[in-house]
Amino acid sequence: MASLTTKPILLLLAMGMFPVCANAQDKPRLILQITVDQLRGDLPNRHIDQFGEGGFRYLLEEGIHYDNAHHTHANTETIVGHTTLSTGANPAAHGMVGNLWYDRSEGRTVYNIEDPDYSILTSGADVDDSTEIDPTQRAATSDGRSPRTILTSTFGDELALSTAGRSKVFGVSIKDRGAVAMAGHVGKAFWFSKSAGQFVTSSYYYDAYPTWVDAWNAKGLPQSYSGQSWELLHSIETYLFGEKDDQPWEPDFAGFGRTFPHPLGTVEDKYFTTLLTLSPFGDRMTADFAKTLIDAEGLGDDDVTDFLAVSFSVADYVGHFFGPSSLEAEDNLLQLDRTLADLFAYVDAEVGLENTLIVLASDHGAPEAPGYLESLGMPGGYVTPDAWDSAPAVARIKERFGLSGPLFVGYDHPYLTLSDAIRNDPDIDRIALETAIADELVAFEGVAYAVPSSRLREGSLPDNELMRAVLNNYHPDRSGDIYLVFQPEWFINDMDGLSVTVTHGSPWRYDTFVPIMFAGYGLEPQRISRRVHTVDVAMTLSSVAQTRPPSGAAGDVLLEVLGQ
């Protein structure tokens, strides 16, 4: 019999005045969010016949596959996409407008998650400028990392809030920004330090490492790959790009070569850990660390939903060097398929896939290599902005507005930022100046649009999908003064002196197009082709876990995941 205190609540439920919520047993014990860095939406289906059992095939054939999913922001870079997936918000709200942005208060370009207040716990684990191939990380002035620059809550944050902190929330990746963005403000993040050859974290998360992390690092899995080479998983004749192993546009970096097998070198070589993360071994060790975490932290051990986000970074590194339509990218995807199958099997044994909701998506897609496009008669090319400040067009602008000195402080993709002297001059008509610059820039080779931030603030742009994407990327304190959109399949490939094959970061469909797949937790297989968006992922997870939506969430709930 109901007590006197429960009768009013039961009456209100019967009257429909309170929502009927499922009990804890109706929620997954574990939510496993997989992000594959630089996985364009067409690639899983392109290679489905080559996949084994239990990995991508499990997601595609036994889960819910949204095959028309897109990001709605313009700058499709790593931190932007990861944070959008974790928050359900656009950069205009969550604030991560790019891997880098110019901080006017500090007068310098900053790295997205750098934080001098929270150092890495491992000595000597900071970025090694002499070997780091990611130029964005080299912009950081300290080894500190934290999520404090993320301006909205994440799904993981809301999950912890809804359970009085009982939910365990973790993010793991090779890339620091891949782990930090997904772990949010409340969770714990671990990433791989190439300098130390270990998984590390910062003092934001811990005062000292858990014993299991020390034990994992002590076993030396990364170092065990010393002297090995990246070999093809199958016979070369079975590959779609088997006849394209040696392409002239592919770089030969640090002896890694343009053809299989790709040698890693030995632990004594300064680029060993870099090449490790440029091979499928990097994803394998990420998954191994994640499995150790699941066991050591007891994820999914009770009825309180836990959350683990694992971001696999190797596809991005391989894509930059070789392009998505290369033998290297194809083999890496097949090897990632085996890594995923092993991870899912482990989760099934430890937690049960029926108790686990898996979601897989990507932070961005990718263009094709211009050389590959040219071989098929399609246009594409590379943009070189280094000399823009000395171009005749800039000289004309300076003369027209009576300006002297540098016009820009620099270009941090995708923004050109005016010099502080020009920005702070009250006699300069900023709107007229930005408009004049934009009008000149669109005449440069490879530039499709130049969008003045003043026009974004005024709301005086054409109302079309591309301009809405640029607006979704605009944050008044972090965005630069001119947003550049290059022509389709044109991009900058010079990464601080290192020439790469492919660079993402555009609003064009090949960069916004990503897979979204849900599986496990008793879901019925479906393939959905209506347009959905990456901001829908966090909203859907919030609905499944019955939490508040993240504070800046802009998406919709994907009802098929709820069985509707």
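Trainee: Which residue just after H8 takes a positive phi?

Mentor: In this predicted model, helix H8 spans residues 176-183 and is mostly covered, with 8 of its 8 residues buried. Among these buried residues are Asp176, Arg177 and Met182. Just after H8 comes the residue whose phi is positive, at about 75°, and that residue is Gly184.

Trainee: Which residues have the most contacts inside the largest nonpolar core?

Mentor: In soluble globular proteins, nonpolar side chains tend to be buried together. Here the largest nonpolar core has 112 residues, and its largest share, 9 residues, comes from helix H13, residues 327-350. When residues up to four places away in sequence are not counted, Leu308 touches several residues, including Leu30, Ile31, Phe170, Val172 and Leu293. The residues with the most contacts inside this core are Ile34 and Leu308.

Trainee: Is Ala329 buried or exposed?

Mentor: Ala329 lies in helix H13, and, leaving aside neighbours within four places in sequence, Ala329 is in contact with Val318, Gly323 and Pro324. The C-alpha atoms of Ala329 and Tyr317, 12 residues apart along the chain, are separated by 9.5 Å. Because its relative accessible area is 17%, and the cut-off is under 20%, Ala329 counts as buried.

Trainee: Which element gives the largest share of the lining of the largest pocket?

Mentor: The largest pocket has a volume of about 1,000 Å³, and of its 49 lining residues the closest to the centre are Tyr411, His413, Ile492, Asp494 and Met495. The lining divides into 25 nonpolar, 13 polar and 11 charged residues. Several elements give two or more residues to this lining, including helix H12 (314-322), strand E13 (408-412) and strand E16 (482-486). The largest share, 5 residues, comes from strand E13.

Trainee: How many charged residues are in the lining of the second largest pocket?

Mentor: About 330 Å³ of space lies in the second largest pocket, which is lined by 27 residues, with Glu132, Ser193, Lys194, Ser195 and Ala196 nearest its centre. Strand E6 (188-193) and helix H10 (272-276) are the elements that give two or more residues to this lining. Its residues divide into 10 nonpolar and 8 polar, while the number of charged residues is 9.

Trainee: Is the pair of Trp212 and Phe289 stacked, edge-to-face or tilted?

Mentor: A search of the whole structure finds 23 aromatic pairs. In this one, the ring centres lie 5.2 Å apart and the planes meet at 50°, which falls between the cut-offs of 30 and 60 degrees, so the pair of Trp212 and Phe289 is tilted. The pair links distant parts of the chain, with Trp212 in helix H9 and Phe289 in helix H11, 77 residues apart. Both residues are buried, and the geometry asked for is tilted.

Trainee: Which residue forms an aromatic pair with Phe253?

Mentor: Phe253 counts as buried because its relative accessibility is 12%, and it sits in the loop between strands E8 and E9, whereas its partner, 18 residues apart, is in the loop between E9 and H10. The pair is edge-to-face, 5.0 Å centre to centre with 70° between the planes, and the partner is Tyr271.

Note on methods
Residues numbered from 1 in each chain as written. Predicted model: local features only at pLDDT ≥ 70, side-chain atom pairs only at ≥ 80, totals over all residues. Heavy atoms only, no water. Core = buried A, V, L, I, M, F, W, Y, C linked by side-chain atoms within 4.5 Å. Buried < 20%, exposed > 50% of the residue type's maximum accessible area, 1.4 Å probe, protein only. Helix = DSSP H or I, 4+ residues; strand = E, 2+ residues; numbered from the N terminus. Contact = heavy atoms within 4.5 Å. 1 Å grid on protein atoms, 1.4 Å probe; cavity = no way out; pocket = protein on both sides within 12 Å on 5 of 7 lines; lining within 4 Å. Points joined across faces, edges and corners; volume = space filled by probe spheres on them. Nonpolar A, V, L, I, M, F, W, Y, C, P; charged D, E, K, R; others polar. Phe/Tyr/Trp six-rings, centres within 6.5 Å; stacked < 30°, edge-to-face > 60°.
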